[in-house]
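Please look over the sequence and the structure shown below before reading on. The report that follows takes up a few loop residues and helix pairs in turn.

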Amino acid sequence: MANTKRVNQKRRIVLGELGFYFCNWDLINKVVKMRVAIIGAKGQLGSDLVKAFGEDAIPLTHEDLDVTDFESLKILNELKPDVIINTAAYHKTDECEENPEKTFLVNSVGARNVALISKEIDAINVYISTDYVFDGTKGEPYTEEDVPNPINVYGVSKYAGELLVKYITDKHYIIRVSSLFGVAGASGKGGNFVETMIKLAKAGREINVVNDIVMSPTYTRDAALAIKEILRKRLPYGIYHVTNDGFCTWYEFAKAIFEITGIEVSLNPITSDKFPTKAKRPKFSALSIEKLKSFGINMRPWNEALKDYLREKGHIYHRTKI
Ligand SMILES: NC(=O)c1ccc[n+]([C@@H]2O[C@H](COP(=O)([O-])OP(=O)(O)OC[C@H]3O[C@@H](n4cnc5c(N)ncnc54)[C@H](OP(=O)(O)O)[C@@H]3O)[C@@H](O)[C@H]2O)c1
């Protein structure tokens, strides 16, 4: 009897220790390495993801593979990553209206191909999506529970990508980001809004910016670190909104850029009807990050992130107030 008691006690200690080890993700992460393939590695978000994952990153550029060509994805069979992050996209929103075939091929069929290969090799699939899956009529930040209703070809193609990923593999994270700015600049768009504003101002141009479209500006460095945290913490699979905290109009964003940098400029707020575009854009596409916060992942306000970005790009050299 005493013997059984001692054995049970020993068992409890061993199980207790195991419990400790299995609950201590930080410790497990040190032991179990996670290899993360990043598709679109030279892009704005992709290049910051490569930096965020450091030696665990397997950077894959457009030259290495094409998401629209399933054969080219077979390289992943040999690399055998634990996670595949798909940042590849055709996202020139106005061009997408006129090129629906290419738009759906890259953003939807491409997402499907990456999801299929992820399932084949039992890797987690992370698909980067967009605030443009929403129609912008809600008037307050969209949550992950809100039903998408895209209003342009790009948004429809990304929503189709989300649905295909969800349908193909349970082991998925759909990460919706918005209005990205990062040091690499969007290769698909030829830069980003911040750089365009600074270039126009330095050229002495008067600048008109829409003041009736609201979004959540997002620094790709912050988004990349949050995505890393989602994976590190092994959050439940599903949809996550990942943006910097808060929202503003594009005019307010431009105003902040010039206030922080101190660049003199003639900047005017205009309404979007004065700036007609081929693609309709949601009027209010800010994303709620409450779900992310509920898992202990906090995002700093967009204007703080903007200051850091401007410093990193060498547009400012010291701390300034806004
Ligand atoms: N930029 C934004 O404001 C914004 C807002 C919301 C959501 N998003 C989403 O966020 C993601 C990242 O955006 P980003 O600004 O980082 O874009 P990006 O700078 O244009 O990066 C996309 C990368 O994907 C590569 N790529 C394009 N087509 C490909 C293909 N068929 N096969 C393989 N690689 C391909 C591009 O390479 P090449 O340049 O060599 O073709 C590029 O390196 C995208 O999924 C986008 O839909 C972006």
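## The loop around Asp273

Asp273 is found in the loop that runs between β12 (267-270) and α11 (290-294). In this predicted model, Asp273 counts as exposed because 8 other C-beta atoms lie within 10 Å, and a residue with 12 or fewer such neighbours is placed in that class. Asp212 is 61 residues away from Asp273 along the chain, while the C-alpha atoms of the two are separated by 9.6 Å.

## Helices α10 and α12

Helix α10 (residues 250-261) and helix α12 (residues 302-312) have axes that come within 10 Å and that cross at roughly 50 degrees. That angle makes α10 oblique to α12, and the crossing of the two helices is right-handed.

On the side of α10, the contact is made by Ala256, Ile257, Ile260 and Thr261, and on the side of α12 by Asn303, Leu306, Lys307 and Leu310. Sorted by class, the residues of this contact between α10 and α12 divide into five nonpolar, two polar and one charged.

## Helices α6 and α7

Helix α6 (residues 100-120) packs with helix α7 (residues 153-168) at an angle of about 15 degrees, and their axes are 9 Å apart. The two helices α6 and α7 are therefore roughly parallel to each other, since angles under 35 degrees are counted in that way. The crossing in which α6 passes α7 is right-handed.

From α6, the residues that make the contact are Pro100, Thr103, Phe104, Asn107, Ser108, Ala111, Arg112, Ala115, Leu116 and Lys119, and from α7 they are Val153, Tyr154, Ser157, Lys158, Ala160, Gly161, Leu164, Val165 and Ile168. By class, this contact of α6 with α7 has eleven nonpolar, five polar and three charged residues.

## The span and surroundings of α7

Helix α7 has 16 residues, and the distance from its first C-alpha to its last is 22 Å, which is close to the 22 Å expected at 1.5 Å a residue. The buried residues in α7 include Val153, Tyr154, Gly155, Val156, Ser157, Lys158 and Tyr159, and also Gly161, Glu162, Leu164 and Val165. Among the elements that cover the buried residues of α7 are α5 (93-98), α6, β4 (124-130) and β5.

Lys171 lies in the loop between α7 and β5 (172-177). Lys171 counts as partly exposed because it has 15 C-beta neighbours inside 10 Å. Leaving aside residues up to four places away in sequence, Lys171 touches Ile124, Asn125 and Tyr237.

## Two residues with positive phi

Which residues other than glycine have a positive phi? One of them is Lys80, whose phi is about 45 degrees although it is not a glycine. Lys80 lies in the loop between α4 (75-79) and β3 (83-86), and it counts as exposed because it has 12 C-beta neighbours inside 10 Å.

Asp122 is another, with a positive phi near 60 degrees in a residue other than glycine. The place of Asp122 is in the loop between α6 and β4, where Asp122 is exposed, with 10 other C-beta atoms within 10 Å.

Definitions and conventions:
Residues numbered from 1 in each chain as written. Predicted model: local features only at pLDDT ≥ 70, side-chain atom pairs only at ≥ 80, totals over all residues. Axes fitted to C-alpha atoms, helices over the stretch in contact; angles between N-to-C directions. Helix = DSSP H or I, 4+ residues; strand = E, 2+ residues; numbered from the N terminus. Parallel < 35°, antiparallel > 145°, perpendicular 65-115°, else oblique. Left-handed = near helix turned anticlockwise from the far one by under 90°. Contact = placed C-beta atoms within 7 Å. Nonpolar A, V, L, I, M, F, W, Y, C, P; charged D, E, K, R; others polar. Buried ≥ 20, exposed ≤ 12 C-beta atoms within 10 Å, placed from the backbone. Expected span 1.5 Å × (residues − 1).
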